[in-house]
Amino acid sequence: MAFIPLDRPIRAGIIGLGRIYDLNRLAYVDNDGVDVVALVDANPARRVRCQRDWPSALTFATIDEMVASGVEVDAVEVLLPIALHEEGAVQCLDAGWHVNLQKPVTNDLASAERMRANVNSSGRQLRVMENYLFYEPLERLKEIVDSGQLGEVSGYHLKMVASGRGGWDVPGETYERQFEQTRRGRGALFFDDGWHKLSTALWLFGPVREVRAWIGTTEIIPGIEIDAPTTVVWEHENGIRGVWDITLAVDMYLRSDYYTNDERWEVTGRRGFARVNRCTGRGIQQPSLEVYLDGEMRAYHALNDDWASSFRESGRHWLGWLRTGEGSLQWNIDEAINVLRFALGAYESNARGGTGVKPGDIH
Ligand SMILES: NC(=O)c1ccc[n+]([C@@H]2O[C@H](COP(=O)([O-])OP(=O)(O)OC[C@H]3O[C@@H](n4cnc5c(N)ncnc54)[C@H](O)[C@@H]3O)[C@@H](O)[C@H]2O)c1
């Protein structure tokens, strides 16, 4: 069913008012193209707190209550824990609402395929948001790669160090849901946060032919494990190879307004390299993007490199898309399933002792 763009401000609901709501809300604040008309969370204190942002919005404890109320809604922002993504998204599509869903799409392929079938039969749009593709230093990195100035690309290197000190306050129950995910075999570093890193590889260099992974685990406090050290290598269909290394630095202080994640993205070409020095945290205090060519380093000093801006731009892209239907959703359900296959391919490789796995062969 063809999508018909909406020719009036979007009537929106926000479902899940936990830690990441504070950044997702930025797309809706001071935006004449949208009215937030409904808020949903099981936690009454969060409903009260967030209603201060949208005093005229109705509040509900569950999606069922919101559906039953008959409130008129065009699209919803689904910010639920990953294990509830399928159930929540399907309820919303069934209610006739377009859905902007947080990543990872879901934990396994069968669940993602059920979602795809539901999207196709619903006639509604489901987007799996990927805010890193709206982070200006990474957008500029892609422009530099696509311009050919680095010469033929010979490799992609990603680094991620999770530190245990610094950053924003994270509610205990948010952490508990992350640890539940780890117990399901979907760790916070490789699967939840790492989803973004795998996304950037597909965005920059296209489909992956083969992935090999060695996914480690570290007990940080008794009974609580984190999925590092982890190393993943892969080869794209165009022959470009990627390497991604995840390390834990439990006692390292990292200045951050958000999670304490020290990240690096580096593309090496035949003539030079381009590197994004940070994103979520404020680790390296040099410009967020640098390009080395012909013996000279060019540094970008005026980029919008606050991680929060990627949420605002990603959300605004979605809300704008609903008004025009033009361009890529970044990502639609098919693209999100490709990211999931990449992640599941890495898990399969790890289970097989690090041998090569084709993401397209995952069932
Ligand atoms: N894009 C990013 O960079 C990024 C960063 C962090 C988290 N996330 C994703 O955002 C999502 C939410 O993460 P979070 O950190 O905000 O989690 P959270 O646990 O802090 O918040 C989840 C909220 O959902 C509510 N909730 C749980 N079950 C519910 C139900 N059945 N009905 C109504 N409300 C319910 C909880 O009360 C809580 O307020 C996850 O998918 C996570 O992977 C994305």
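In this predicted model, helices α4 and α5 are roughly parallel to each other, because their axes cross at roughly 5° and angles under 35 degrees count as roughly parallel. The axes of α4, which covers residues 85–94, and α5, which covers residues 109–122, come within 10 Å. On the α4 side the contact is made by Glu86, Ala89, Val90, Leu93 and Asp94, which meet Ser111, Arg114, Met115, Asn118, Val119 and Ser122 of α5. Sorted by class, the residues of this contact between α4 and α5 comprise five nonpolar, three polar and three charged.

Helix α5 also packs against helix α10, formed by residues 333–351, at an angle of about 175° and with the two axes 11 Å apart. Since angles over 145 degrees count as roughly antiparallel, α5 is therefore described as roughly antiparallel to α10. Here Leu109, Ala112, Met115, Arg116 and Val119 of α5 meet Ile333, Ile337, Leu340 and Leu344 of α10. The contact of α5 with α10 consists of eight nonpolar residues and one charged residue, with no polar residues.

Helix α6 was examined next. Four residues of α6 are named as buried, namely Pro137, Leu138, Leu141 and Ile144. Viewed down the helix axis, these buried residues of α6 fall within an arc of 115°, so they line one face of the helix. They pack against helix α8 (188–205) and against the strands β13 (261–269), β14 (272–276) and β15 (289–293). The face of α6 that is turned away from the buried side carries, by contrast, the exposed residues Glu143, Asp146 and Ser147. Just after α6, glycine 148 adopts a positive phi of about 85°.

A further site concerns arginine 127, which is found in strand β6, made up of residues 126–128. Arginine 127 is classed as buried because 24 other C-beta atoms lie within 10 Å, where 20 or more are required for that class. When residues up to four places away in sequence are not counted, arginine 127 touches Val99, Asn100 and Leu101, as well as Trp318, Leu329, Trp331 and Asn332.

Definitions and conventions. Residues numbered from 1 in each chain as written. Predicted model: local features only at pLDDT ≥ 70, side-chain atom pairs only at ≥ 80, totals over all residues. Buried ≥ 20, exposed ≤ 12 C-beta atoms within 10 Å, placed from the backbone. Helix = DSSP H or I, 4+ residues; strand = E, 2+ residues; numbered from the N terminus. Arc of directions from axis to C-beta. Contact = placed C-beta atoms within 7 Å. Axes fitted to C-alpha atoms, helices over the stretch in contact; angles between N-to-C directions. Parallel < 35°, antiparallel > 145°, perpendicular 65-115°, else oblique. Nonpolar A, V, L, I, M, F, W, Y, C, P; charged D, E, K, R; others polar.
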